[in-house]
Amino acid sequence: MTVLVDSHCHLDFPGLAERLPAVLDDMAANGVGYALCIGVTLEDFPKVLAVARSDDRLWASVGVHPDHEGGEEPTLERLVELAAEPKVIGIGETGLDYYRLTDRPEWQRERFRTHLRAARACGKPVIVHTRAAAEDTLAILREEGIEAIGGVMHCFTESLEVARAALDLGMYLSFSGILTFKNAAALREVAAFVPEDRILVETDAPYLAPVPHRGKTNEPAYVRFVAECLAQVRGVPFERIAERTTENFFRLFSGARSSSQ
């Protein structure tokens, strides 16, 4: 069976955590062999790590979401300390979100830089969230030398121009269930353009369930629908998309191979 990877999900969130065995069974039944569980706060990181440790098919990342206010503020030292756990293969999600926080606070930008510097220090790639903040996101990635770190623009919904700039910085682009939405024609054009060695697929579960499950709780099994849509958009067989996106995941998150051995 062709194997897919869900490169971004939240299996510790309500709607998934309480039925994790069934979620993992559904994942396997749909040819999804692996999933990366994403950290969004330091307070909840122990839950993310516990999920990742519960199954050989799962990994974790550590970070604080850009719109999370309050709680423990990440420092370079703390992120590096937590990232030393073998199951942690990435830093984030991090980035900028000027949609939810409209005053464009400087603390978001400084927190983003802290994550990028931690990634450089521990040698693990960055998972980047950006919303209504593409210009500043790209500028900070450039200033912090993202090419030496590696990373992915998760749940990519930006323009072709932004995609080109991110690719020029060596970034990978990950597409979610939004790709399948009726009003996402412009995004499908971007997905058709991106080189196949820079594409990942994800669910962002429990959010953004793809067609035909739109509006329901998303889960890693549904990344198959994203991959099928991507194959259609690019005019290639589904098996090729599955193979390439899985190869890309293990190339970017090289720590996943060693932690599963």
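Me: Before we start, what makes a residue or atom pair count here?
Reply: This is a predicted model, with residues numbered from 1 along each chain as its sequence is written, and local features need pLDDT of at least 70, while side-chain atom pairs count only at pLDDT 80 or more and totals for chains, interfaces and linings use all residues. Side-chain values use heavy atoms, with hydrogens and water left out.

Me: What makes something a helix or a strand, and how many are there?
Reply: Both are DSSP runs, numbered from the N terminus: helices are H or I with at least four residues, strands are E with at least two. By that rule the protein has 10 helices and 8 strands.

Me: How do you know that the radius of gyration agrees with a compact globule?
Reply: The rule, taken over C-alpha atoms, is 2.2 Å times the number of residues to the power 0.38. For 261 residues a compact globule would come out near 18 Å, and the protein has 17 Å, so the two agree. As for the spans along the principal axes, the C-alpha trace covers about 40 × 40 × 35 Å.

Me: Why is Trp59 called buried?
Reply: Buried means under 20% relative accessible area, exposed means over 50%, and partly exposed is in between (1.4 Å probe, protein chains only). Trp59 has 0%, so Trp59 is buried. Across the protein, buried residues make up 57% of the 261 residues.

Me: What makes Trp59 and Phe250 an aromatic pair, and which kind?
Reply: Rings of Phe, Tyr and Trp (its six-membered ring) pair if their centres lie within 6.5 Å; planes under 30 degrees apart are stacked, over 60 edge-to-face, and the rest tilted. The structure holds 9 aromatic pairs. Trp59 and Phe250 sit 5.8 Å centre to centre with 85 degrees between the planes, which makes the pair edge-to-face. Trp59 is in strand β3 (residues 58–62) and Phe250 in helix α9 (residues 238–252), so the pair ties together parts 191 residues apart in sequence. Phe250, at 8% relative accessibility, counts as buried too.

Me: Which residues do ring pairs link into a cluster?
Reply: Tyr34, Trp59, Phe249, Phe250 and Phe253 are linked that way.

Me: Where are the cis peptide bonds that join Gly92 to Glu93 and Ala205 to Pro206?
Reply: Glu93 is in strand β4 (residues 88–97), and its cis bond with Gly92 has an omega of about 20 degrees. Pro206 lies in the loop between β8 (199–201) and α8 (223–234), and its cis bond from Ala205 has omega near 15 degrees.

Me: What makes a neighbour a contact of Ser174?
Reply: Contact means heavy atoms within 4.5 Å. Leaving out residues up to four places away in sequence, Ser174 touches several residues, including Ser7, Val152, Cys155, Phe156 and Leu200. Ser174 is in strand β7 and counts as buried at 0% relative accessibility.

Me: Is Gly63 buried or exposed?
Reply: Buried, at 1% relative accessibility. Gly63 is in the loop between β3 and α3 (76–83). Beyond its neighbours within four places in sequence, Gly63 is in contact with residues including Gly39, Leu79, Gly92, Glu93 and His115.
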